[in-house]
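Hello,

Here is the structure for you to look through. My notes follow below it.

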Amino acid sequence: MIDYQSHFKSAIEALHAEKRYRVFADLERIAGEFPSAIWRHDGQAERITVWCSNDYLGMGQNEKVVDALTAAGRSMGTGAGGTRNISGTNHPLVELERELADLHGKEAALVFTSGFVSNEASISTIARLLPDCLILSDELNHASMIEGVRKAGGKKQIFRHNDVAHLEELLAAAEPNRAKLIVFESVYSMDGDVAPIAQICALAERYNAMTYIDEVHAVGMYGARGGGISERDGVAHRLDVIEGTLAKAFGVLGGYIAGSRDVIDAVRSYAPGFIFTTALPPALAAAATASIRHLKASGLEREGQQRQAARTKQVLSSADLPVMPSDTHIVPILVGDAELCKQASDRLLTRHGIYIQPINYPTVPRGTERLRVTPTPLHGDVLIDTLRDALVETFQAVGIPFATERRNLPQAPAQATPLLVSKAGG
């Protein structure tokens, strides 16, 4: 007889043994008071400050967005009522797709229930529809992109992270007439670095390859209208498919792709992850549209976020905290040990009322475990100073090396993150 439950129990015990078991904090956001939240535990309710939210601009609390959601909910109800093909194509969703196409300067857009689904379904469908397609994927791509590559079922090649010379080697070695799809991100969420988009586009044009870019950590955040790094750098028109999320800077839920009318229609018609799932509800679609329209017209949120992110980096670095280099709004603080990272996260929450989720393997390579801070425009200067003091106390209490101490330690190479489980979430 097979003891089925023992296999699941052993799998969980293995995570505990490796200090990788994840504990979810029971949080209750407070409308209008972001980044404050209520933390519920052991029959208690405590007010805390969230420092690791992907609601990068606080748009989940924006009055226009909340009003749009509640108005649509009252007038159209809660659910979509079906798949897109079976009564689920509600009018707010149609308007949302038009808004997204305009945001990226593309002919059409297609909304999915999440960013994970949009990547998995779109990459696999596009590659399967191309004859003998070779996929070239950045080694640090998100798990959703990796799943899309895997489900495509064809040949893949991995190029070193942001290494255009290596990418060109692989492109040059491929058959000239073979279909090729380059998949990469604009902002990599754990290190906060940015892809050389223009150089990748130039290679794609030279070697006749399609490009697919994931802008989930950049849409709403960069560019004059929030179109992402590709808008900021003036290269959106050179990209074949732009993928994004509605769940981070836009503060709602869902994922999407934007591109030519034919590409979007093909994915709409062939992707099982789109065809066989219930559509996004009208209230969420209306809220997302309101958020996008607001951020197209307003740069105040982006300016405030960049200002507070820069100040956070400066304040924490000045306190000798090991802030890792980042070109964007992501502020990673190196811990370098899974158990210490969890201890630090727990102490920050229980002693200081600050919530920062530990980022451990397989999201990042072993030896690079970190606390990932995401300042928003609503994290004021006083909160930043409070964070600094709490981190300093925590590093001292837990025994995590400060920046100057770390420079004197022998440096062991970080273990590479296996391709098929990399970037699996925070």
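I2, Y4 and F8 make a nonpolar surface patch of about 380 Å². Patch members have over 30% relative accessible area and no salt bridge, and nonpolar side chains (Val, Leu, Ile, Met, Phe, Trp, Tyr) are joined within 5 Å. A salt bridge is a side-chain nitrogen of Lys or Arg within 4 Å of a carboxyl oxygen of Asp or Glu. Areas come from the Shrake-Rupley method with a 1.4 Å probe.

This is a predicted model: local features need pLDDT of at least 70, side-chain atom pairs need 80 or more, and totals for chains, interfaces and linings use all residues. Residues are numbered from 1 along each chain, and side-chain values use heavy atoms, without hydrogens and water.

Y4 sits in helix α1 (residues 4–17). Helices are DSSP runs (H or I, at least four residues), and strands are too (E, at least two). Is Y4 buried or exposed? Y4 is exposed, because its relative accessible area is 56% and the cut-off is over 50%.

S186 lies in the loop between β7 (180–185) and α8 (197–206). S186 is buried (under 20% relative accessible area), with a value of 1%. S186 and V65 are 121 residues apart in sequence. Their C-alpha atoms are 26 Å apart in space.

Next, a pocket. On a 1 Å grid, a pocket is an open set of points where a 1.4 Å probe fits, with protein on both sides within 12 Å along at least five of seven lines; lining residues have an atom within 4 Å of a point. The second largest pocket has 22 lining residues. Y21, V23, K342, D346 and P358 lie nearest its centre. Helix α14 (residues 338–352) gives the largest share of that lining, seven residues.

Best wishes

Key: Patches are made of residues with over 30% relative accessible area and no salt bridge: like charges are joined within 9 Å, nonpolar side chains (Val, Leu, Ile, Met, Phe, Trp, Tyr) within 5 Å. Buried means under 20% relative accessible area, exposed over 50%, partly exposed in between (1.4 Å probe, protein chains only).
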